Amino acid sequence: MISTTDLPETIPVFPLPGALLLPRSRLPLHLFEPRYLAMLDDVLKTSSRLIGMVQPYMSPGGSGKLHAIGCAGKVTAFSETEDGRYMITLSGASRFRIMEEVEGFTPYRRCKVNWQGFDRDLGPVEKDATFDRPVFMEALGHYLTDQGLSTDWESLGDAEDELLINSLSMLCPFEPEDKQALLEAPSLTTRRETLMTLIEYARRGGSGEETMQ
């Protein structure tokens with residue numbers, strides 16, 4: 001497990017709309033752009049092997065601007081394809097707050113970050129004491145049917161609270177701003193409540209045009 005002393009002051013960031021990483025969760029990524037191949041090469045030379053996943057603003061006039069809060073993941077697996085692309089897995093370590101972007105000569109973006117305020121990310125698996133799983137699973141079933149999506153219900157039923165809620169937060173096809181709200185939720189209970197709200201909103205026809213990542 002990563003400790004606070006292992007967290008660097010400056011990390012490379014990967015702005016990717018809709019791609020959500022949460023602490024203690026895993027995110028597979030496909031890297032092919034030269035700047036991100038260079039980023040991976042540099043990251044693998046560091047002791048922390050951390051990459052910060054962050055949502056860019058999608059609103060008009062928000063081009064290039066990043067949300068203040070992201071989540072850093074450690075590169076825990078990678079493989080190279082025959083044509084020079086990389087398939088990597090990031091294991092969520094901790095959320096962070098961007099303090100400022102670092103100017104430099106790298107082709108990818110780097111930021112000075114602050115890790116304070118996210119202590120629970122480095123702690124044990126979270127529980128959701130008020131989680132009404134049957135009600136949640138019923139709503140989820142209707143949502144997935146509406147979206148034309150399928151899932152492994154047996155695995156979902158056996159999953160611990162955090163794994164279930166975080167996995168669905170990462171995989172469900174919500175808008176990038178909704179993904180950001182799930183990321184910024186201060187506790188697992190708050191994230192589950194946000195997730196339920198998004199599911200109910202989508203069922204009322206409020207969203208749901210994206211495809212599963």
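**Briefing: confidence, helix packing and local backbone features**

The structure is a predicted model, in which local features need pLDDT of at least 70 and side-chain atom pairs count only at pLDDT 80 or more, while totals for chains, interfaces and linings use all residues. Residues are numbered from 1 along each chain as its sequence is written, and side-chain values use heavy atoms, with hydrogens and water left out.

**Confidence**

- The chain has a mean pLDDT of 90, and 92% of its residues reach 70 or more.
- Confidence in the chain is lowest in helix 3, at a mean of 78, and highest in strand 3 (residues 50-54), at 98; here helices (H or I, at least four residues) and strands (E, at least two) are DSSP runs, numbered from the N terminus.

**Helix 6 and R192**

- Helix 6 has 16 residues, and the distance from its first C-alpha to its last is 22 Å, close to the 22 Å expected at 1.5 Å a residue, where the expected span is 1.5 Å times one less than the number of residues.
- The buried residues of helix 6 are L188, R191, R192, L195, M196, L198, I199 and A202, with buried meaning under 20% relative accessible area, exposed over 50%, and partly exposed in between (1.4 Å probe, protein chains only).
- Seen down the axis of helix 6, these buried residues fall within an arc of 160 degrees, so they line one face of the helix; the arc is that of the directions from the helix axis to the C-beta atoms.
- The cover over the buried residues of helix 6 includes strand 5, helix 2 (133-147), helix 4 (161-171) and helix 5 (176-184).
- R192, placed in helix 6 (residues 188-203), counts as buried at 12% relative accessibility.
- Leaving aside neighbours within four places in sequence, R192 is in contact with D128, T130, F131, F136 and I165.
- Just after helix 6, G205 takes a positive phi of about 90 degrees.

**Helix 4**

- Helix 4 is mostly covered, with 8 of its 11 residues buried, namely D161, E162, L164, I165, N166, L168, S169 and M170.
- Among the elements that cover the buried residues of helix 4 are strand 2, helix 2, helix 3 (153-158), helix 5 and helix 6.

- R24 has a positive phi near 65 degrees although it is a residue other than glycine; R24 is placed in the loop between strand 1 (10-15) and strand 2, and is partly exposed, with a relative accessible area of 28%.
- R49, also a residue other than glycine, has a positive phi near 55 degrees; R49 lies in the loop between helix 1 (34-43) and strand 3, and at 30% relative accessibility counts as partly exposed.

**Cysteines**

- The structure holds 0 disulfides, a disulfide being a pair of cysteine sulfur atoms within 2.5 Å.
- C71 is in no disulfide, and the nearest cysteine sulfur, that of C111, is 14 Å away; C71 counts as buried at 1% relative accessibility.

Terms used. Contact means heavy atoms within 4.5 Å. pLDDT is the predictor's confidence in each residue, from 0 to 100.
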